[in-house]
There are 2 protein chains.
Amino acid sequence: MTSDSIVVVNTGSGLTRALANSAEVVESTLDYLLPIPEGAEARLAEAMRYATLGGGKRLRAFLVMQTASLFSVSETCAARVAASIEMLHAYSLVHDDLPAMDDDDLRRGKPSTHKAFDEATAILAGDALQCRAFEVLAEPDTHSDPQARCELVAALGAASGSRGMAGGQMIDMVTEGLTLDGPAVTRLQALKTGRLIQFSCEAGAILGRAQSHQRHLLAAYGRDLGAAFQIADDLLDVEGDSAEIGKTAGKDVAAGKATMVAVLGVEMARAHADALAKQAANHLDGFGEKASLLRDLAAYVVQRRS
Amino acid sequence: MTSDSIVVVNTGSGLTRALANSAEVVESTLDYLLPIPEGAEARLAEAMRYATLGGGKRLRAFLVMQTASLFSVSETCAARVAASIEMLHAYSLVHDDLPAMDDDDLRRGKPSTHKAFDEATAILAGDALQCRAFEVLAEPDTHSDPQARCELVAALGAASGSRGMAGGQMIDMVTEGLTLDGPAVTRLQALKTGRLIQFSCEAGAILGRAQSHQRHLLAAYGRDLGAAFQIADDLLDVEGDSAEIGKTAGKDVAAGKATMVAVLGVEMARAHADALAKQAANHLDGFGEKASLLRDLAAYVVQRRS
C-alpha cells in the first residue's frame, strides 16, 4: 500500500463522515420545515415529506453546507438553504417519475410518490415542494440581509426554471430518440442537472456575502462537478445494479436517452468525467485547506458505485 | 331609470375600462417576462405563454395594480407583481386541468395546455411558470428595497403552497364525494382560491411599504372579495352557459364538488355573496375616493355573467 492510497482512504472516510453529518443536519431541518398540519390537507404534507425525507446522497445539501463553511456562515442558515435546494430537487424527481414523464415506479429504492399516494397528490406535492423551497429562502431566518435572500431566490429561479432545469428537461423530451452530438448533450445536461448543482455551490458564496471572483470560482467548481457527476450517473445506469443504485438500471439506454456515455463510449466517458473532476478541484486552489472536503468530493463523485 | 341605476352604469363602465387597461398592461409585462429562447427548449416557453397570455379577466392583476395605486407605487413595479401572480394562477390552472386532476379539455374557451401541447409539456410548463413567478418577485426591477421583495416572495409562498392554494386543492380532492358543512366549504375555498386573491390585495400594501393596519384592511377586503367571487363562480357553474363562461358548465355539480351553492342553495348563496361583497367594500372606508374602483369591483364580481 503506497502512502498515496493511505491518504485516499483517510480523506475518503473523512468525506463519508462529513456527507453523513450534513445529511443528518439537512434531514432534521427538512423535518422542521415540513410540519404536518391538522385537517384534510395533512395528506399533502405527508406526500411532501415522503418525497423529501430519508433519501438520497444529499449531494446538493453537502455542497451548500461546505461552500457556506468557507465563509464561516452559521450552520442554521446554511441548513435552511440546503433544505430548500433538496426540496426543489425532490419536487423535480416527483414530477419526473410521473406516468406522463419518465413513468418510473421506483425512486431511491422505494415506490415513487405517485405510486405510494396517487398521481394527483404527487403533482400537487411537487408543486407545493417547489413553492416551499422559494418561501424558505425568502424568510428572515435564512439570512439577516434581505439582499442575500433575494439573490438566493432569483438564483434558484434561474437555475431551476425554463432557462435551467425545466428547460433541460424540455430539451430532453423534444430530442428523445434523436442522436445528439457532444456539445448538445453537454448543454442538455448542464441545464437539466448542472445548474442546480452549480447554484448549490454558489449558495455558500451568496450566504457568505463573498467577493464576486470567489462566487465565480465556486460556480465553476459546481459546473465541472455537475458535469462529472452526470456522466458518472450515466455510467452507473450502464454498469450499475438496480438494487445498489435504488432505481431501474439500463433504463436510459433502453429509452435511447442522450448521454455522454452514448456519445463517447464507456471508457472515453469515464476518462472525460475524471478530467472534469480534476478541473473542478483546480478551481478551489485559492481556498486552501478549508476546501479539502470539496476536493475530495470531486474525486468521490466519479468513483462512486451507487 | 332611477338615479341609482345610472350610477351603477357609470361606475360599471369606469370599472370595465380600468379592468381592460390593467389587463393590457399586465399582458405586455407577461410578454416581456416570458421571452422565447433559441433551441429546443423554445417549446417550453411557448407552452408557458399559451397558458398565460391572452386570457382571463386578470382579476388578480387588477387587484395588485389598484391596491398599489393607493400608495402611488410605480406602474412598472406593480405590473411585474401582477404578472407574477397571473403566472402563479396560470400554473395552477394548467395543473388543475391535467387528466390526473380535474381532467378538463377546455380553458378560457380554448384547448387546455395539455391538449394544445401534451401532458408532459403541460406539467413542465406549470412548474416553470411557478418558478418564474417567484423569480420575478425577487428581481431588483420589482422593488428598490430587497426587504419588500422578500416579503412578496414569502407571502406568495404562504398563499399558494401547502398552507394556501395547494392545501385547498388537497382538501378538495380528499373530501370529494363527501358532504361538507358551511364552515368546511368556506375554509376549503379560502385556501383554494381565497388566499391568492387576498395576497393580490396585500401586494399593493407591501409594494407601498404601507402601515400594517392598512395592509390588514386590504387583506380583509381581499378575503371577503375572494369568498364572494368564489360563490359567484359556483353560481355561474350552476346557471351559466359553457360558451359564455369559457369552460364546461355544470361540471362541479356533476362531480359533486363542495360549494356554498350546494350547501345553501342558489338564492341563499347569492344573498351570502352579496353580503360578502358589501362587507369587502366596507373595509375600504378609510381609503377614500382612491379606492372607488376596488369598491366597484366588489359589486361587479357578484353581478358578472361570465
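Which residues does A:Ala228 touch, not counting residues up to four places away in sequence? They are A:Ala273, A:Leu276, A:Ala277, A:Ala280, A:Ala298, A:Val301 and A:Val302, where contact means C-beta atoms, placed from the backbone, within 7 Å. The model is predicted: local features need pLDDT of at least 70, side-chain atom pairs count only at pLDDT 80 or more, and totals for chains, interfaces and linings use all residues. Residues are numbered from 1 along each chain as its sequence is written, while chains are lettered from A and ligands numbered from 1 in the order in which they are written.

**Helix pair in chain A**
- The axes (lines fitted to C-alpha atoms over the stretch in contact, with angles from 0 to 180 degrees between N-to-C directions) of α10(A), residues 212-239, and α14(A), residues 266-282, come within 8 Å and cross at roughly 155°.
- Helices are DSSP runs of H or I with at least four residues, numbered from the N terminus.
- The two helices α10(A) and α14(A) are therefore roughly antiparallel (angle over 145 degrees).
- Residues meeting across this pair include A:Ala228 and A:Ile231 in α10(A), and A:Ala273 and A:Leu276 in α14(A).

**Contact between chains**
- Chain B and chain A each give 45 residues to their contact.
- On the side of chain B that touches chain A, α6(B) gives the most, with twelve residues.

How values were computed: Angles under 35 degrees count as roughly parallel, over 145 as roughly antiparallel, 65 to 115 as roughly perpendicular and the rest as oblique. Two residues are in contact if their C-beta atoms, placed from the backbone, lie within 7 Å.
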